[in-house]
Amino acid sequence: MTARIIDGKALAAATRAGLVPRVQALTAAGHQPGLAVILVGDDPASAVYVRNKVKACEDIGIRSLMTRLPAETTEADLLAHVARLNADTSVHGILVQLPLPRHLDAQKILETIAFDKDVDGLHATNAGLTLMGTPHFRSCTPYGVMKMLESIGYPVAGCHAVVLGRSNMVGKPMAMLLLAANATVTIAHSKTRDLGAITRQADVLVAAVGRRNLVTADMVKPGAVVIDVGTNRTPEGKLAGDVDFEAVKSVAGWISPVPGGVGPMTITMLLVNTVEAAERRRQAAA
Ligand code: NAP
């Protein structure tokens with residue numbers, strides 16, 4: 001068997017194109033969606049991610065406000081900046097690029113973002129609403145994975161989904177969205193015993209760990225859908241996922257590549273959340 005490819009890049013392009021008329025309608029009505037992105041420090045990878053997000057906004061007509069703060073920014077200054085953006089009615093979404101310098105308490109900063117501008121879906125209120133099955137904003141990466149499953153028409157209800165990883169940003173919200181879609185969900189992590197015995201039961205396997213080639217062909221059920229969230233660097237500096245793509249694609253039914261899989265969908269869902277936030281504001285103002 002050779003797996004079919006879930007083309008995240010193509011799905012992202014189509015989803016972004018679908019947002020353009022919504023952005024135009026909002027802008028014409030005086031509610032141009034606005035996303036504020038805060039970057040603290042000089043981490044080169046974070047700078048690239050932020051640049052990509054700003055460009056993605058501009059490409060479809062979302063206004064982006066980029067703030068770059070020095071690494072030695074105090075917590076008080078950063079909190080004050082977030083508070084100003086909370087009060088700015090032209091801003092519909094606020095994103096603080098992670099990781100933050102070590103002296104800043106990331107969770108405290110995230111909790112300061114108004115929950116109805118938390119387009120990354122990382123505020124405790126949004127995490128809690130996702131847990132209750134009534135999300136206000138879905139966390140971008142898991143939301144993108146759900147759209148990828150939808151795009152291949154996969155019947156998630158009743159399937160056994162295994163999520164590798166239990167982070168607040170990816171693993172846990174991923175499991176909650178799959179559960180809300182009526183999958184039977186298993187969450188595995190670094191302390192899980194006999195990982196292969198669990199992954200081999202998966203109809204849908206989502207790998208969100210950050211270990212290159214963790215998922216090998218013998219760990220995958222024939223015909224399964226394998227979605228690779230992981231981003232790792234090869235010794236040659238190339239981007240690679242958590243899944244041994246070449247070997248697993250001869251076992252799986254569907255597989256997402258890295259790059260060109262989940263990554264483009266994550267940024268896309270940030271745009272979707274920002275547009276949804278602006279549409280809610282417009283409705284509330286009507
Ligand atoms: P994280 O916070 O480091 O969490 C990693 C998770 O993997 C933890 O829950 C950890 O378990 C688990 N884990 C570690 N070793 C394991 C093993 N041998 N077997 C099973 N589970 C293991 O990372 P994250 O933020 O969730 O991100 C995960 C990966 O996705 C990273 O590579 C990240 O770069 C990537 N990512 C990609 C995108 C994208 O758009 N493509 C977006 C976000 C993240 P414990 O909890 O027990 O430590």
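Keep in mind that the model is predicted. Most residues other than glycine have a negative phi, and most peptide bonds are trans. Against that background, the spots below are worth a look: a pair of cis bonds, at L98 to P99 and at V258 to P259, plus positive phi values at D194 and N213.

**Cis peptide bonds**

- Going from L98 to P99, the peptide bond is cis, and its omega sits near 0°.
- To find P99, look in the loop that runs between β4 (93-96) and α4 (106-112).
- The bond joining V258 to P259 is also cis, again with omega near 0°.
- P259 belongs to the loop between β11 (254-255) and α10 (262-285).

**Positive phi at D194**

- D194 isn't a glycine, yet its phi is positive, at about 45°.
- This aspartate, D194, is in the loop linking β6 (184-188) and α8 (195-199).
- D194 counts as exposed because its relative accessibility is 54%, and the cut-off for exposed is over 50%.

**Positive phi at N213**

- N213 isn't a glycine either, and its phi is positive at about 60°.
- You'll find N213 in the loop between β7 (204-207) and β8 (225-228).
- Relative accessibility at N213 is 35%, so the residue counts as partly exposed; that label covers the range between under 20% (buried) and over 50% (exposed).

Note on methods. Residues numbered from 1 in each chain as written. Predicted model: local features only at pLDDT ≥ 70, side-chain atom pairs only at ≥ 80, totals over all residues. Heavy atoms only, no water. Helix = DSSP H or I, 4+ residues; strand = E, 2+ residues; numbered from the N terminus. Buried < 20%, exposed > 50% of the residue type's maximum accessible area, 1.4 Å probe, protein only.
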